[in-house]
Amino acid sequence: MRKNIVAGNWKMNKTLQEGVELATELRDLLSNVKPNCEVVIGVPFTHLVTVSALLHGSVIAVAAENCADKASGAYTGEVSAAMVKSTGAEYCIIGHSERRLYYGETYAILKEKTLLALNNGLKPIFCIGELKEEREAGCQNDVVKAQLEGSLFNLTEDEFTQIALAYEPVWAIGTGLTATSDQAQAMHAFIRQLIAEKYGQPTADNTSILYGGSCNAGNAKELFSKPDVDGGLIGGASLKSQEFKAIIDAF
Ligand code: PEP
């Protein structure tokens, strides 16, 4: 059966020293605990080697927040999936709405990033979700369907089974406007139905679909109680060890 996952996304926060402090706090908080979910923290590229080494042997896995859409070569400033893998990271967040909105990441670019992540043994956490005006226009399902078809539904079934999805309504990210648990459930069920139509029910049933968007210690339990919500991708609340631990404890 599918895994429950609580994944943090630090975004562009924390210097290396601050990140080490936060990762150490979290490691220590979870040192005598067996969480009922997989725990992942997404950290900036500059932190990957150090934080991966620090968390080696703990229950916490490490994710990059991005990877390049090219394998290697003359792409100054980019970091390849192979480089990410070589740091000890296991996961890679791909397609975050901030990457789509501020860095022009298209369906085609995200398709390449996903393939490169998979080919290098990284597990993608692939983000999808609609803008506020798209929800207001009632076309959130069409948007999410197009995102899946545009970047992921080229994958073989074997490849697709390596993916975790994160449904993140853009209007809920960093705004305090959490989707209701019913809104999250409705979208997650719709996503699972699309996966079933494409890859069959067993693959759909085995795909972890996380919710992201102002998820915190106060609302995680309610969100995670929904049958198709398999955890969360957590931004702001992952920057405080006690609060992130409380979200993990919601399972
Ligand atoms: C995110 O960055 O993926 C996110 C969900 O952020 P926040 O939890 O702060 O809304």
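View 1. Surrounding the ligand are 14 residues, counted when one of their heavy atoms lies within 4 Å of it, and the closest are Lys11, Glu168, Gly174, Ser214 and Gly235. By class, this shell is made up of four nonpolar, eight polar and two charged residues, where Ala, Val, Leu, Ile, Met, Phe, Trp, Tyr, Cys and Pro count as nonpolar, Asp, Glu, Lys and Arg as charged, and the others, Gly among them, as polar. This is a predicted model, in which local features need pLDDT of at least 70 and side-chain atom pairs count only at pLDDT 80 or more, while totals for chains, interfaces and linings use all residues. Residues are numbered from 1 along each chain as its sequence is written, and side-chain values use heavy atoms, with hydrogens and water left out.

View 2. Asparagine 9 instead places a polar side-chain atom 3.2 Å from an oxygen atom of the ligand. The ligand taken alone exposes 290 Å², of which the protein buries 95% (Shrake-Rupley method, 1.4 Å probe).

**View 3. Surroundings of isoleucine 41.** Leaving aside neighbours within four places in sequence, isoleucine 41 is in contact (heavy atoms within 4.5 Å) with Gly8, Trp10, Ala23, Leu26, Val51, Leu55, Ile60, Ala61, Val62, Ala63 and Phe244.

Key: A polar contact is a pair of N or O atoms within 3.5 Å; within protein, one must be able to donate a hydrogen and the other to accept it, and residues adjacent in sequence count only if both atoms are side-chain atoms.
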